[in-house]
Amino acid sequence: MIDIKRIAISTGGGDAPGLNAVIRAVTLAGRNRGWDVVGIRDGFNGLLFPDQYADGGVVDLPREAVRGISHLGGTILGSTNKGNPTAYPVQQEDGSWAEVDRTDELIGKFREAEIDALVTVGGDGSLTIGNHLFQHGLRVVGVPKTIDNDLDKTHATFGFDTAVGFATECIDRLFVTATSHGRVIVVEVMGRYAGWIALHAGMAGGAHAILIPEIPYDLEPVAATIKQREERGAKFSIVVVAEGAAPKGGGVSTVGQTVGQAERLGGLGDKVAQGLHDLTGKEHRCVVLGHLLRGGSPTPVDRLLGLRFGAAAVRALETGHNGVMVALDPPQVTYVPLVGATHRMKTVPPDCDTILTARDLGINFGDQMP
Ligand code: F6P
């Protein structure tokens, strides 16, 4: 048993439905052990820049603060995917930007605030920072989060089920209007490195083509599928694209801005819709679901996973674990070392049975003629 009096929780990176369930579980499980629980605003910004917050940036989390929040999307603590404290962008006198390592300063702030341990909830960026803080002496447990479901060391992350459910509902609606008008509708969903959302929602929604980052595409096979459907009397088609898919020999579609260290993706849906129009002559529309997939109330699956991860993080701290990430290894939640937890992305294996099933159904991935 470790002597813990006070723990902090922070949420970093893009938000995901289920974050508030994690915050609730960490708070209640911590308080039920007699610990103080505080929340850091906007990743680590609340600790680094207290003057920017009316409440001081680090807030007490009594039981009342987490009452009835599991069903709420977003995070009551706020989040950021900018300003990595280990490579913090600072403008120089000559106007140029340099990266400053603020690790020691941040660790010092944890000590000043008498925080004995940190539960950091985030994706690859936040977990890498968490591992860095652990290596510099802070007691840290990570909780994996991403709607993209692309973290390798855990079977699942909360937010994915909610995103797939909503995307499927949208595809269902678009299916109806595409049928009425005999149009090609391209639906762009999130998925930077992995096409899990596109694949699962596309299949559940009955898409006719799905483009994912793991399978570089040509538009000719997709156009051939659309024409083949037309010959069979189906004048409409639904094409689901992950934002991070790329044509054979080409790069991802970006909007020319960076967020943190990553380039913002965008525009692929429109490009695919226009390209398919050029090849088929069919009337087309593009719908970008984007951040709609990150909002909304988490499904029961995501609420439960968030609660399980949050409570498991507290049990990990209580039993002396340090520098670990909680992970789902069905049916159990386990702990894996934080180091290496983000080294490899969990991408869609092109020969997995879900892809084979899709091919058996005639769904085109832009790599083979129908
Ligand atoms: O959470 C990951 C993700 O959903 C990616 O698929 C997407 O590229 C990114 O977030 C967008 O995040 P933001 O617009 O908040 O920077």
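Reader: Happy to start with D367. Is D367 buried, partly exposed or exposed?

Author: This is a predicted model, and D367 has a relative accessibility of 23% in it. Buried would need a value under 20%, and exposed one over 50%. D367 falls between those limits, so it counts as partly exposed.

Reader: Which residue does D367 form a salt bridge with, and how far apart are the closest N and O atoms?

Author: The partner is R359. R359 is itself partly exposed, with a relative accessible area of 26%. Between R359 and D367, the distance between the closest N and O atoms is 2.8 Å.

Reader: Where do E169 and R173 lie, and how many residues apart are they?

Author: Their side chains meet in a salt bridge, at 3.1 Å from N to O. E169 is partly exposed at 38% relative accessibility, while R173 is exposed at 57%. Both belong to helix α5 (residues 160-181), about one turn of the helix from each other, and the spacing is four residues.

Reader: Now for R102, which meets E105 in a salt bridge. Is R102 buried or exposed?

Author: The two side chains come to 2.9 Å, N to O. E105 has 34% relative accessibility and counts as partly exposed. For R102 the relative accessible area is 15%, and the limit for buried is under 20%, so R102 is buried.

Reader: On to the aromatic rings. What kind of pair do F49 and Y88 form?

Author: F49 sits in the loop between α2 (45-48) and β3 (58-60) and Y88 in strand β4 (residues 88-91), so their pairing ties together parts that are 39 residues apart in sequence. Both F49 and Y88 are buried. Their ring centres are 5.6 Å apart and the planes make 50°, and the pair is tilted.

Reader: And which kind of pair do F175 and F236 make?

Author: F175 comes from helix α5 and F236 from the loop between α7 and β10, so this pair links parts that are 61 residues apart in sequence. F175 is partly exposed at 25% relative accessible area, whereas F236 is buried at 11%. The centres of the two rings are 5.0 Å apart and the planes stand at 70°, so the pair is edge-to-face.

Reader: Let's turn to strand β7. Why is β7 largely enclosed by the rest of the structure?

Author: V140, G142 and P144 point one way from β7, and V141 and V143 point the other way. Both groups are buried. β7 is largely enclosed because five of its five residues, 140-144, are buried.

Reader: What is the handedness of the crossover from β6 to β7?

Author: Strand β6 (residues 117-122) pairs with β7 in the parallel sense over five bridges, and V119 has V141 as its bridge partner in β7. Between these strands the chain passes through helix α4 (residues 124-135). This β-α-β crossover is right-handed.

Reader: In β14, what is the bridge partner of V141?

Author: β7 also pairs with strand β14 (residues 324-329), in the parallel sense and over two bridges. There the bridge partner of V141 is V324.

Reader: Which strands stand at the edges of the open sheet of four strands?

Author: The order in this sheet is β9-β10-β8-β13, with parallel pairing. The twist averages 15° from one strand to the next. Each edge strand has a single partner, so one side of each is left without a neighbour in the sheet; these strands are β9 (209-211) and β13 (284-288).

Reader: Last one: what angle does helix α7 make with β10?

Author: β9 and β10 (residues 237-242) run parallel and are joined by three bridges, with V240 of β10 as the bridge partner of I210. Helix α6 (residues 196-205) lies across β8, β9 and β10, at about 170° to β9. Helix α7 (residues 219-231) packs on the sheet and touches β8, β9 and β10, and its direction makes an angle with that of β10 of about 160°.

Key
Residues numbered from 1 in each chain as written. Predicted model: local features only at pLDDT ≥ 70, side-chain atom pairs only at ≥ 80, totals over all residues. Heavy atoms only, no water. Buried < 20%, exposed > 50% of the residue type's maximum accessible area, 1.4 Å probe, protein only. Pairing = 2+ DSSP bridges. Right-handed = clockwise from strand over helix to strand, strands pointing away. Axes fitted to C-alpha atoms, helices over the stretch in contact; angles between N-to-C directions. Contact = heavy atoms within 4.5 Å. Salt bridge = Lys/Arg side-chain N within 4 Å of Asp/Glu carboxyl O. Phe/Tyr/Trp six-rings, centres within 6.5 Å; stacked < 30°, edge-to-face > 60°.
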